[in-house]
Amino acid sequence: MGRTNQKKINWEAVVVIDDNIIHQSRYISLTDIANDLNLSYNQVAAISVGRSKRFESEFKYQPKIQINKIESI
């Protein structure tokens, strides 16, 4: 499955509610993001490639989750 010996930070996750950042952190893997945010791996993978529309709703305080790949220098 994933690389268990990977140590490089590759992902950044940001959770925003009403223009307030409530969580921002960097991670080694999508699995780490899923575990930290209490989401499934499939949800995190979908959000990371821009398929987050199915997780959005009309709630006033619905969080917006952004998961971005950190580019190598």
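This is a predicted model: local features need pLDDT of at least 70, side-chain atom pairs count only at pLDDT 80 or more; totals for chains, interfaces and linings use all residues.
Strand 1 is largely enclosed by the rest of the structure, because six of its seven residues are buried.

The chain contains two helices and three strands. The chain has 73 residues, of which 23% count as buried. Its accessible surface comes to about 5,800 Å², and carbon and sulfur atoms account for 48% of that area. Among the contacts between residues at least 6 apart in sequence, 38% join residues at least 24 apart.

The three strands form an open sheet in the order 2-1-3, with antiparallel pairing. Strand 2 (20-27) and strand 3 (64-69) stand at the edges, and each has a single partner strand, so one side of each is left without a neighbour in the sheet. From one strand to the next, the twist averages 15 degrees. Strand 1 and strand 2 run antiparallel and are joined by seven bridges. Strand 1 also pairs with strand 3, again in the antiparallel sense, over six bridges.

On the side of strand 2, E12 stands opposite R26, and I17 stands opposite N20. On the side of strand 3, W11 has K69 as its bridge partner.

The pairing of E12 with R26 extends to their side chains, which meet in a salt bridge with an N to O distance of 3.8 Å. The count of salt bridges comes to one. This pair links distant parts of the chain, since R26 lies in strand 2 and E12 in strand 1, 14 residues apart. How does the burial of the two partners compare with the cut-offs? E12 has a relative accessible area of 18% and is therefore buried, the limit for that class being under 20%. Most residues other than glycine have a negative phi. D18, found in the loop between strand 1 and strand 2, counts as exposed because its relative accessibility is 58%. D19 counts as exposed as well, because its relative accessibility is 72%.

The helices can now be set against the sheet. Helix 1 lies across strand 1, strand 2 and strand 3, and runs at about 140 degrees to strand 2. The largest nonpolar core has ten residues in all: W11, A13, Y27, L30, I33, A34, V44, A45, I47 and I67. Strand 1, helix 1 (30-37) and helix 2 (41-48) each supply at least two residues of this core.

Apart from its neighbours within four places in sequence, I67 is in contact with W11, E12, A13, L30, I33, V44, I47 and S48. E12, one of these contacts, is the buried partner of the salt bridge described above.

N10 lies in the segment before strand 1 (11-17). N10 counts as buried because its relative accessibility is 8%. With residues up to four places away in sequence left out, N10 touches Y27, I28, N68, K69 and I70. Y27, one of these contacts, belongs to the largest nonpolar core, and K69, another of them, is the bridge partner of W11 in strand 3.

Technical notes
Residues are numbered from 1 along each chain as its sequence is written. Side-chain values use heavy atoms; hydrogens and water are left out. Helices (H or I, at least four residues) and strands (E, at least two) are DSSP runs, numbered from the N terminus. Buried means under 20% relative accessible area, exposed over 50%, partly exposed in between (1.4 Å probe, protein chains only). Contact means heavy atoms within 4.5 Å. A nonpolar core is a set of buried Ala, Val, Leu, Ile, Met, Phe, Trp, Tyr and Cys residues joined through side-chain atoms within 4.5 Å. Two strands pair if DSSP finds at least two bridges between them. Axes are lines fitted to C-alpha atoms, for helices over the stretch in contact, and angles run from 0 to 180 degrees between N-to-C directions. Accessible areas come from the Shrake-Rupley method with a 1.4 Å probe; for residues, only the protein chains shown count as cover. A salt bridge is a side-chain nitrogen of Lys or Arg within 4 Å of a carboxyl oxygen of Asp or Glu.
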